[in-house]
Structure formats: C-alpha cells, structure tokens
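Good morning, colleagues. Please have the display open as I speak.

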Amino acid sequence: MNPPARHEPEPRSERDVIVVLGCRVLASGEPTAAARRRAEAATAAFHLGVAPRVLTSGGRRWSGRIEARVLAHELGRGGVPATAIDEELWSLTTYENAIFSAAWLSRRWARPRVALVTCAW
C-alpha cells in the first residue's frame, strides 16, 4: 500500500504584488466565508514570499464597510504588515476590480508581475 500523497506547495514565483479581488462583506463588518478564504490565501502567499506587496481591490460598501478595507484588516490579522498593503477603493464590480487595479499597477511598474487571488465560482 502506498503512503497517502502529500500536497506540496507550488514553488515560489517572483511577483511584484498579490492582488485580492473584493468580495461581499456581512452587515456585521465581518468577511463572508469567500472573503475570508481570499484573505487567507493572500496572507499565505505573502508569507511564502510570492510577492512583497498586497493590493486589496473593492470599493463596494456593505452596511458601510468597504470590501478592500475589510480584506486589508484580515491580512493584518494574519501578520501582513500594514506597510505592505495597499487598497483600491473605487471598483464596484469584478470588471472594475480589473480596470482600477490595472491602473494602480501601471503607476508603479511598467510590466507588473501579479499573483491574483479570487474564487473559483
């Protein structure tokens, strides 16, 4: 009988930034399960050295709570330093996440290398 297969993390890739797409926030201000998974995935990628910066994207407000800020807060709770987190606060849709994040990226890098965090809907 063979031992159970082990899941090995993918090798580190050199990226400039991890972009986390926005996700609904509960009325309590807590992230939904999907938002929490995105924040956890981005936090893990940051700690693995995938990229030195994280951009949270999402300006939609849910009961006064802004998606990108809630995600940034979760990243901080996971040990990502505030100095490594940026927020894109204007997008209201996934399409706008892409447009506004791309604009933010192009102001910092000529050809940004991005690791994208979202859900597999």
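Let me begin with a point of orientation: in which helix is the place of A41? A41 sits in helix α1, which covers residues 33–47. Please keep in mind that this is a predicted model. With a relative accessible area of 37%, A41 is partly exposed. A41 can also be related to V20: the two are 21 residues apart in sequence, and their C-alpha atoms are 9.0 Å apart in space.

I now turn to the salt bridges. How many does a search of the whole structure find? The search returns 7 salt bridges, and I shall discuss some of them.

Consider E14 and R113, whose side chains meet in a salt bridge at 3.9 Å, N to O. E14 belongs to the segment before β1 (17–21), and R113 to the loop between α3 (94–106) and β6 (114–117), so this pair ties together parts that are 99 residues apart in sequence. For those who apply a distance criterion, the cut-off here is 4 Å between a side-chain nitrogen of Lys or Arg and a carboxyl oxygen of Asp or Glu, so the 3.9 Å contact counts as a salt bridge. As for accessibility, E14 is exposed at 63%, whereas R113 is partly exposed at 38%.

The next pair is E87 and R69, with 2.9 Å between the closest N and O atoms of their salt bridge. Here a strand and a helix are involved: E87 lies in β5 (residues 85–88) and R69 in α2 (residues 67–77), so the bridge ties together parts that are 18 residues apart in sequence. Both partners are partly exposed, E87 with a relative accessible area of 28% and R69 with 44%.

Helix α2 also holds both members of another pair, R77 and E74, which are 3 residues apart, about one turn of the helix. Their side chains form a salt bridge at 3.3 Å, N to O.

Thank you for your attention.

Key
Residues are numbered from 1 along each chain as its sequence is written. This is a predicted model: local features need pLDDT of at least 70, side-chain atom pairs count only at pLDDT 80 or more; totals for chains, interfaces and linings use all residues. Side-chain values use heavy atoms; hydrogens and water are left out. Helices (H or I, at least four residues) and strands (E, at least two) are DSSP runs, numbered from the N terminus. Buried means under 20% relative accessible area, exposed over 50%, partly exposed in between (1.4 Å probe, protein chains only).
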